[in-house]
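Let's take a walk through this structure together.

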Amino acid sequence: MAHDEVKHDYHLVNPSPWPLLGSMAMVVLAVGAVSYMKGLFGIPEGSPWLMLIGLGFVGYVMFGWWREVIKESKAGDHTPVVSIGLKYGMVLFIASEIMFFVAWFWSFFEFAIFHGARVGDSFDAANPLYAEALQAVGGQWPPAGVELFDPFHLPLMNTLVLLLSGTTVTAAHHALQHDNRKTAINMLAITVLLGIFFTGLQILEYSHAGFSYDGTLYGSAFFMATGFHGAHVVIGTIFLAVCLIRLMTGGMSAKKHLGFEFAAWYWHFVDVVWLFLFAFVYVIPYLVLGH
């Protein structure tokens with residue numbers, strides 16, 4: 001039956017290559033990442049080319065797939081019922097992202113709270129694992145020699161930048177809902193600039209780190225948690241930049257801007273995660289541990 005003959009509230013997509021291409025891209029990216037970190041299939045450790053190819057492949061799939069979704073929206077396929085389904089999908093995606101960060105927080109807290117069990121009386125001193133554990137945590141948390149960041153300098157500035165960006169993106173959404181396109185564009189542009197500023201400040205912060213990723217458990221836990229958050233900020237900034245371009249070219253209206261709503265939800269999620277990182281990874285260790 002032809003698509004034009006179907007009259008209902010649901011949109012049945014045409015056969016699409018993107019799910020298959022997306023799976024292939026993720027495999028290439030995963031193999032490339034492993035080969036870059038450890039070497040694999042004859043690819044020497046430290047060679048980034050397969051990983052970069054995978055990243056480019058993933059980027060191509062994302063661009064093509066989301067372009068098709070925008071075309072569906074312009075064609076009128078995103079009925080109220082379809083929009084509800086898309087909203088549920090975005091909520092579930094953010095929920096999965098929450099659990100992703102729960103894992104990093106869990107590891108950081110486990111290392112911090114139970115570091116004594118790694119080097120305490122429960123270990124046999126003759127066991128080689130004891131020496132490995134002792135070296136990993138240095139008998140304390142954070143390990144000896146690790147200089148913590150002062151949370152009330154660059155981390156506090158980044159917190160203020162991100163909170164301000166949450167305010168501007170909300171202002172942009174409110175303006176768009178009231179068909180004030182000029183204010184919406186200006187506020188969204190400021191949000192994108194603040195996202196870029198946050199990333200720049202985090203790069204500056206990393207350049208002054210008194211520890212490395214592969215030096216201690218603290219370093220690996222810190223950089224995995226804050227680094228993945230930084231990656232999400234970059235993704236969110238791109239998300240908002242695309243919405244800005246669509247808004248400037250007339251691709252969104254007061255009554256139809258689902259993509260911008262999703263970008264705003266994602267950005268607020270990034271804000272909340274950073275508040276937890278700032279409190280539990282920066283401030284509390286710095287104050288409690290007497291640094």
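Which residues does Gly54 touch, if we leave out residues up to four places away in sequence? They are Ala25, Val28 and Leu29, where touching, or contact, means heavy atoms within 4.5 Å. Before going on, keep in mind that this is a predicted model, in which local features need pLDDT of at least 70 and side-chain atom pairs count only at pLDDT 80 or more, while totals for chains, interfaces and linings use all residues. Residues are numbered from 1 along each chain as its sequence is written, and side-chain values use heavy atoms, with hydrogens and water left out.

Back to Gly54, which sits in helix α2 (residues 49-74). Helices here are DSSP runs of H or I with at least four residues, strands are runs of E with at least two, and both are numbered from the N terminus. Gly54 has 0% relative accessibility and so counts as buried. Buried means under 20% relative accessible area, exposed means over 50%, and partly exposed is in between, using a 1.4 Å probe and protein chains only. The C-alpha atoms of Gly54 and Val27 are 7.9 Å apart in space, although 27 residues separate the two in sequence.

Now zoom out. The protein chain has 9 helices and 0 strands. Of its 291 residues, 36% count as buried. Take the contacts between residues at least 6 apart in sequence: 72% of them join residues at least 24 apart.

What holds the middle of this picture? A nonpolar core is a set of buried Ala, Val, Leu, Ile, Met, Phe, Trp, Tyr and Cys residues joined through side-chain atoms within 4.5 Å. The largest one has 50 residues, and Leu188, Phe222, Leu240 and Phe260 touch the most other members. Two or more residues each come from α3, α6, α7, α8 and α9, with the largest share, 17 residues, coming from α9. There is also a second, separate core of 7 residues, including Trp18 and Met51.

Not counting residues up to four places away in sequence, the residues it touches include Leu188, Leu240 and His173. His173 lies in helix α6 and is buried, with a relative accessible area of 16%. Besides Phe260, His173 touches His257 and Glu261, again leaving out residues up to four places away.

Follow α9 along its length next. Its 31 residues should span 45 Å at 1.5 Å a residue, and its end C-alpha atoms are 44 Å apart, which agrees; the expected span is 1.5 Å times one less than the number of residues. Still, α9 has a kink of about 30°, centred on Phe278. The bend at a residue is the angle between axes fitted to the seven residues ending there and the seven starting there.

Finally, visit α3, whose 34 residues reach 48 Å from first C-alpha to last, close to the 50 Å expected. Phe100 and Trp104 both lie in this helix, 4 residues apart, about one turn. Their ring centres are 5.8 Å apart and their planes are at 85°, so the pair is edge-to-face. Rings of Phe, Tyr and Trp (its six-membered ring) pair if their centres lie within 6.5 Å; planes under 30 degrees apart count as stacked, over 60 as edge-to-face and the rest as tilted. Phe100 is partly exposed, at 30% relative accessible area. Ring pairs link Phe100 and Trp104 into a cluster that also includes Phe228 and Tyr266.
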